[in-house]
Amino acid sequence: MRMTRTGRMLALTVVAAGAVLLMAVGSATSAHKRALATITLDGLPIANGFALDIGIAQGFFAKRGIEIKKTVFQSGNDIVLAMANHQGDIGYIGWVPAIIARSSGIPVVTVSASDNEATSINDNWQNVLVKGDGPIKTPKDLEGKTIAGNALKGVCEITIRAALFKLGVDNSKIKFVAIPFPAMRAALNSGQVDAICAPEPFMTQGMSLDGDRIIVAPGPTLGEYWPNGTYVALQDWVTKNPALAKGFHDAMAESLAYTQAHPEAVRALLPAAIKNIRLPVWSSLIDRRQLVELAKYAKQFGAITTLPNIAALVPASIATGLTVQGTVSGRAISMKLDGKPFKALNVGSYTFVVSDQSARQNFHLKGPGLNKSTGTRQVGRLSFTTKLAKGVYTYSSDANPSLKGSFRVS
C-alpha cells in the first residue's frame, strides 16, 4: 500500500505544479493563439523544465510567434528515440543522451542551453539518496549495492559512476537499474534498491518525508556548475525551420535569464509540499570544456564507443561561455572560476552566480557597462549572464568597503 500511496503523491505534486503553470500559460498566450506556430516539445517530469514553463507564462514564446505543445517522457534516452522517429520537434534531454545520440549517428544539435548543477552537496539539486538510518555512510559503502537511475547509461548512471570513480570507488561492484523518477522513493523504502538518483522535487520529498540522506553530489564532484540539461532538435528540422529554431533559442534565453533572476516565480507555482526545493542554475551559456570531459566519461563507462564532435553538437550559433561564482559572508568576499580564485578573464560571455550569505553585507560588482548588487539585508542567490568588455571590474560590500577585490578583462 505504501508504494501505491507514495507513487500517487509524487505524481500529483508534479501534475499540480504543471496545472498551475498551464493556467498561467493560457492567459499569456490566448491573445496570440491564431498567429502561433506550434513546436512539439518532448520533456521530463523534473523541476529543471520550469524555466520553459515560466517563459511560456511570461509570453516570451508567444511574442515570437511560438506555441509549445508538451509531451512528457521518463528519460532523455526515450526522448532521443522518439525524436529519431520524428515524434517531437525539440527535446529537453540531459547532455549524456545528447552525446550518445550524436556519437551513434542521430544528428541532434543544440538549439538552447538549459541548466547546470551547483557547487556542493549543500546546494545541489540532483544528488544520490540513501536511507537515513541505513548502513551506507560513505560513497565507498556503495560498493556491492544497487543504484536506481531513470535510464541505463543516462545522465544519472554516467555522472554517478564518474563521480564515484573520482572518489576511489570500484564501479565494477555497483549495479544500476532503471526506475522512473516518481517510483524511486518507493523502491528505496521497500529495499528494492540501496540508493537512488534523485533530482528535484524528488530529492526534497525523500529527505523531508522519508528521512533519506544525501551520500554524494555527482555533478559538483566532477566540477563547478557541471552541465546537466539542454534543448536539442534534429539537424534536418533546424535546416527546414531556421526562423522557428532561432525564435525558440531567443525565447529560451529570455526564459532562462528571467527564471534564474526570479526564483520566487518558480516557488510561487509549486505546491506547498515542494515549495522549498533546491533550484538548478539556469544559464543560456554552455561550457564546451566540461562537455568534452563528460563525453570522455560516457566512453569510459560504456555509454558510447566513439567520442562525438562537440562543435557539431553545440554549433557556433549557440552561446558558449563560463560560469563564475561570487560569495560574500560577514567576514570575506571572493570570486572563483572552476573553484579557484582568479585575477584575469578573457573578453566574452559569463554567467555570474553570487551567493550572499550575510544579512549585513552585500555583493556589488561593477565594471565597464556593469553594475549589479545583492541587497544588504537579504540572503540568497543572484545570477545573471552578461558579456564582459576590456577593463577592470571590482567587487565589494557596500556595508563594509574593506571587503573588496578586483579582476581585469583583456
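Author: Cys 156 counts as buried, because its relative accessibility is 1% and the cut-off for buried is under 20%. Keep in mind that this is a predicted model.

Reader: And Cys 197, buried or exposed?

Author: Cys 197 is buried too, at a relative accessible area of 4%.

Reader: What do Cys 156 and Cys 197 form?

Author: A disulfide. Their sulfur atoms sit 2.1 Å apart. The cut-off is within 2.5 Å, and by that rule the count comes to one disulfide.

Reader: Which hand does the disulfide have?

Author: It is left-handed, because the torsion about the S-S bond of Cys 156 and Cys 197 is about -70°.

Reader: Where in the chain are the two ends?

Author: In distant parts, 41 residues apart. Cys 156 belongs to helix 5, residues 155–166. Cys 197 belongs to strand 8, residues 195–199.

Reader: Stay on helix 5. How do its axis and that of helix 12 cross?

Author: At roughly 90°, with the axes coming within 10 Å. Helix 12 covers residues 288–300. The two helices therefore count as roughly perpendicular to each other.

Reader: Which residues meet there?

Author: From helix 5, Ile 158, Thr 159, Ala 162 and Phe 165. On the helix 12 side they meet Leu 294, Tyr 297, Ala 298 and Gln 300.

Reader: New topic, helix 3. Which of its residues are buried?

Author: Helix 3 spans residues 76–84, and its buried residues are Gly 76, Ile 79, Val 80, Ala 82 and Met 83. They cover an arc of only 165° around the axis, so they lie on the same side of helix 3.

Reader: What covers them?

Author: The cover includes strand 1 (37–43), strand 3 (90–94), helix 4 (95–103) and strand 10 (227–234).

Reader: And what follows helix 3?

Author: His 86, with a positive phi near 60°.

Reader: You mentioned helix 4. How many of its residues are buried?

Author: Seven of the nine, so helix 4 is largely enclosed by the rest of the structure. The buried ones are Trp 95, Val 96, Pro 97, Ala 98, Ile 99, Ile 100 and Ala 101.

Reader: What comes after helix 4?

Author: Gly 105 follows, and its phi is positive, near 95°.

Reader: How many bridges join strand 17 to strand 18?

Author: Four, and the two strands run antiparallel. Strand 17 is residues 364–367. Gly 367 has Leu 370 in strand 18 as its bridge partner.

Reader: What about the hairpin of strand 17 and strand 18, how many residues lie between the strands?

Author: Two. Gly 369 in that hairpin takes a positive phi near 75°.

Reader: Strand 17 and strand 20, how many bridges?

Author: Three bridges, again in an antiparallel run. Lys 366 stands opposite Thr 394 in strand 20.

Reader: Last one. In which sense do strand 20 and strand 21 pair?

Author: Antiparallel, over six bridges. Strand 20 is residues 391–396 and strand 21 is residues 404–409. Across that pairing, Ser 396 stands opposite Lys 404 in strand 21.

Methods
Residues numbered from 1 in each chain as written. Predicted model: local features only at pLDDT ≥ 70, side-chain atom pairs only at ≥ 80, totals over all residues. Heavy atoms only, no water. Buried < 20%, exposed > 50% of the residue type's maximum accessible area, 1.4 Å probe, protein only. Arc of directions from axis to C-beta. Contact = heavy atoms within 4.5 Å. Pairing = 2+ DSSP bridges. Axes fitted to C-alpha atoms, helices over the stretch in contact; angles between N-to-C directions. Parallel < 35°, antiparallel > 145°, perpendicular 65-115°, else oblique.
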